[in-house]
Amino acid sequence: MRSVAASFLEPVPRRPPRVILEPHPQDPACEDSGERDFRVSSMRRKIVVSVGGTVLVAALLVYVLAGRGSQFTAALRTAPLTLVGLSVLLQIGALLSRTEAWVICVRAAGGTVSRRVLFRSAAFGCVASIVNGSVGMAVRIAAVRRAAPLTTPRAPALVAAELPIITVELALVALFSFTLVAPLGVPLWVPAIIIALMIGLIALLRHLSGRHRTGLGAGLAVLRMPSRGRLITFALLAVCAQVMRNWLMLDAIGVHVSIFDSMALLIVMFTVGQLPIGPSTGPAATVLILGAHGVAAAAAAGVLVTLTGIIGSLIFAGWAGTDSFATRRRAGVAPPVAPSVLAPPAVVPQT
């Protein structure tokens with residue numbers, strides 16, 4: 001038998017080291033690439049769905065206008081070019097007013113990006129909005145983030161910055177929803193419910209803007225600031241320009257309606273525009289609400305409303321593209337700044 005002292009002197013066998021397998025952190029570049037691919041695929045799906053919806057609604061309009069082709073073309077020819085040009089100017093004014101409202105929201109969210117960059121980004125988004133409203137918003141946010149990533153709020157805040165403008169537009173829609181009573185036979189209690197819901201929504205958004213001041217909440221900051229008065233003013237100007245444009249095109253075609261009917265048309269266009277049907281929104285909404293005045297004339301007015309809207313958006317985007325190209329060119333040909341060289345001290349001859 002070994003002694004106790006000998007057992008204490010024996011070396012203790014060492015256990016092999018424990019290997020802990022930890023997941024490797026994912027490369028941020030891979031994450032950004034995956035998110036970018038997801039956004040691109042989502043936008044492609046939206047574009048495909050919008051194109052399909054446009055074709056479907058256009059086919060339905062062609063079916064409705066079957067046998068009325070001569071009336072439709074005659075109604076289009078009755079619109080004077082001067083009124084069409086004025087309608088385009090009203091569309092440009094509406095786009096500029098809404099963009100200024102967006103600038104106010106972005107600045108309230110903490111963005112220090114220049115107004116010029118914001119207007120250019122909004123112009124590109126206006127062209128994309130011809131296909132689909134959500135695609136237009138995505139293009140507008142992506143454009144401003146790409147142009148000024150350091151002075152622009154993050155994407156969630158920019159998405160939320162759209163909500164105050166949409167809320168003002170919805171409040172105006174709710175306020176004038178009584179104009180739908182006569183054209184669509186809507187019961188009187190429906191506008192009252194819509195107005196009550198909008199009051200509740202505005203109160204909820206103001207409450208959220210006070211409690212949450214980062215992330216999505218940063219985009220709602222304008223609701224608790226004095227600049228919300230300017231936001232409401234520019235949003236109201238944009239809506240009024242759209243109402244006047246609708247009334248002008250309807251009157252030019254020969255569909256003599258009141259301003260309230262033009263407001264009702266704008267409400268229906270806003271509602272129908274949430275569907276993925278692209279440029280066919282104008283003719284579909286006009287036939288839906290004013291078809292009693294003549295389907296061919298209403299469809300012609302809707303086509304002109306859509307056409308003047310597209311022309312105004314393209315002119316706005318044309319300015320944005322030209323200004324962006326000129327800015328890059330000026331930055332590329334700017335003369336290099338020569339380093340300052342200290343002049344040698346002057347030597348005064350002694351006499």
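Residues are numbered from 1 along each chain as its sequence is written, and side-chain values use heavy atoms, with hydrogens and water left out. In this predicted model, local features need pLDDT of at least 70 and side-chain atom pairs count only at pLDDT 80 or more, while totals for chains, interfaces and linings use all residues.

The largest nonpolar core has 37 residues. A nonpolar core is a set of buried Ala, Val, Leu, Ile, Met, Phe, Trp, Tyr and Cys residues joined through side-chain atoms within 4.5 Å. Buried means under 20% relative accessible area, exposed means over 50%, and partly exposed lies in between (1.4 Å probe, protein chains only). The residues with the most contacts inside this core are Leu 180, Leu 250, Ile 253, Leu 265, Ile 289 and Leu 290. Helices H2 (28-64), H3 (69-77), H11 (228-253), H12 (259-272), H13 (281-290) and H14 (295-332) each give it two or more residues. Helix H14 supplies the largest share, nine residues. Helices here are DSSP runs (H or I, at least four residues), numbered from the N terminus.

Ile 253 touches Ala 75, Leu 76, Thr 78, Ala 79, Ala 297, Ala 300, Ala 301 and Leu 304, leaving aside residues up to four places away in sequence. Contact means heavy atoms within 4.5 Å. A second, separate core has 29 residues, including Cys 105, Cys 126, Val 144 and Ala 320.

Three aromatic pairs were found in the whole structure. Rings of Phe, Tyr and Trp (its six-membered ring) pair if their centres lie within 6.5 Å; planes under 30 degrees apart count as stacked, over 60 as edge-to-face and the rest as tilted. Phe 176 and Phe 178 form a tilted pair, at 6.3 Å centre to centre and 40 degrees between the planes. Phe 176 is partly exposed at 25% relative accessibility. Phe 178 is also partly exposed, at 42%.

Phe 316 and Trp 319 are stacked, with centres 6.1 Å apart and planes at 15 degrees. Both lie in helix H14, three residues apart, about one turn of the helix. Phe 316 is buried at 5%, whereas Trp 319 is partly exposed at 35%. Elsewhere, Arg 140 lies over the face of Trp 102, 5.6 Å from the ring centre. A charge sits over a ring if NZ of Lys or CZ of Arg is within 6 Å of the ring centre and within 35 degrees of the ring normal.

The count of salt bridges is six. A salt bridge is a side-chain nitrogen of Lys or Arg within 4 Å of a carboxyl oxygen of Asp or Glu. Arg 116 forms one with Asp 323, with the closest N and O atoms 2.8 Å apart. Arg 120 meets Asp 323 in another, at 2.7 Å. Arg 120 lies in helix H5 and Asp 323 in helix H14, so this pair ties together parts that are 203 residues apart in sequence. Asp 323 is buried at 7%, and Arg 120 is buried at 11%. Arg 115 and Glu 100 also form a salt bridge, at 3.2 Å. Salt bridges that share partners join Glu 100, Arg 115 and Arg 230 into one network.

Zero disulfides were found in the whole structure. A disulfide is a pair of cysteine sulfur atoms within 2.5 Å. Cys 105 is buried at 0%, whereas Cys 240 is partly exposed at 40%.
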